[in-house]
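This briefing covers one protein model, topic by topic. Look at the sequence and the structure first, then read the points below.

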Amino acid sequence: MNEMYNMGLSLHSWSAAAVLGMIFINLFVLIVSNDLKKYKRANALYWLPLEITLLGSLIFTGIVMMAAKHLDFTIENIVMILISFVLIVLEVKRLKSLKYLSTKKEHALNAYKPFARTILQAEFVLVLLISLWMWFL
């Protein structure tokens with residue numbers, strides 16, 4: 001049983017690192033993008049499904065680890081649950097504003113970039129801080 005628990009913790013840690021990497025890739029793609037239509041297409045086909053999958057794997061492994069600990073709610077677990085809700089809400093806000101962004105407007109991407117960059121940076125900082133807290137606790 002202990003080996004399974006350790007494997008679950010390892011998978012959870014790798015999922016957190018993958019989410020950090022995916023947020024960084026999203027931020028990089030946003031910064032280097034110049035064409036809104038290409039950005040929206042790449043985001044819809046590649047980055048969004050990958051990010052949602054990685055975030056889902058992080059949340060799922062967290063749920064499994066909570067079940068393995070018999071739903072023992074510690075302050076760390078409560079903070080992780082709250083941060084997962086915050087991440088989901090921030091992503092919904094970012095993607096909803098991207099969805100309704102008109103490709104016909106000339107500077108729409110330039111108007112969207114500061115908003116999206118702020119959200120992605122906030123997500124990166126949240127995940128990094130909670131990961132560092134857990135990895136070095």
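The largest nonpolar core has 24 residues, and Y39 and Y112 touch the most other members. A nonpolar core here is a set of buried Ala, Val, Leu, Ile, Met, Phe, Trp, Tyr and Cys residues joined through side-chain atoms within 4.5 Å. Buried means under 20% relative accessible area, exposed over 50%, and partly exposed in between (1.4 Å probe, protein chains only). This is a predicted model, in which local features need pLDDT of at least 70 and side-chain atom pairs count only at pLDDT 80 or more, while totals for chains, interfaces and linings use all residues. Residues are numbered from 1 along each chain as its sequence is written, and side-chain values use heavy atoms, with hydrogens and water left out.

- At least two core residues come from each of α1 (2-32), α2 (36-68), α3 (75-99) and α4 (108-135).
- The helix that gives the most to this core is α1, with 8 residues.
- Leaving aside residues up to four places away in sequence, Y112 touches L30, Y39, R94, S97, L98 and L101; contact means heavy atoms within 4.5 Å.
- In soluble globular proteins, nonpolar side chains tend to be buried together.

**Overall fold**
- The protein has 4 helices and 0 strands; these are DSSP runs (helices H or I, at least four residues; strands E, at least two), numbered from the N terminus.
- Of the 137 residues, 34% count as buried.
- The C-alpha trace spans about 55 × 25 × 25 Å along its principal axes.

**Salt bridges**
- There are 2 salt bridges in the structure, each a side-chain nitrogen of Lys or Arg within 4 Å of a carboxyl oxygen of Asp or Glu.
- One joins the side chains of R94 and E51 (3.5 Å, N to O).
- R94 lies in helix α3 and E51 in helix α2, so this pair ties together parts that are 43 residues apart in sequence.
- The side chains of E91 and R94 also meet in a salt bridge (3.0 Å, N to O).
- E91 and R94 are 3 residues apart in helix α3, and therefore about one helical turn separates them.
- Through shared partners, salt bridges join E51, E91 and R94 into one network.
- R94 is buried, with a relative accessible area of 0%, and E91 is buried at 4%.

**Surface**
- The accessible surface comes to about 8,900 Å², with 72% belonging to carbon and sulfur atoms; accessible areas come from the Shrake-Rupley method with a 1.4 Å probe, and for residues only the protein chains shown count as cover.
- F73 is placed in the loop between α2 and α3.
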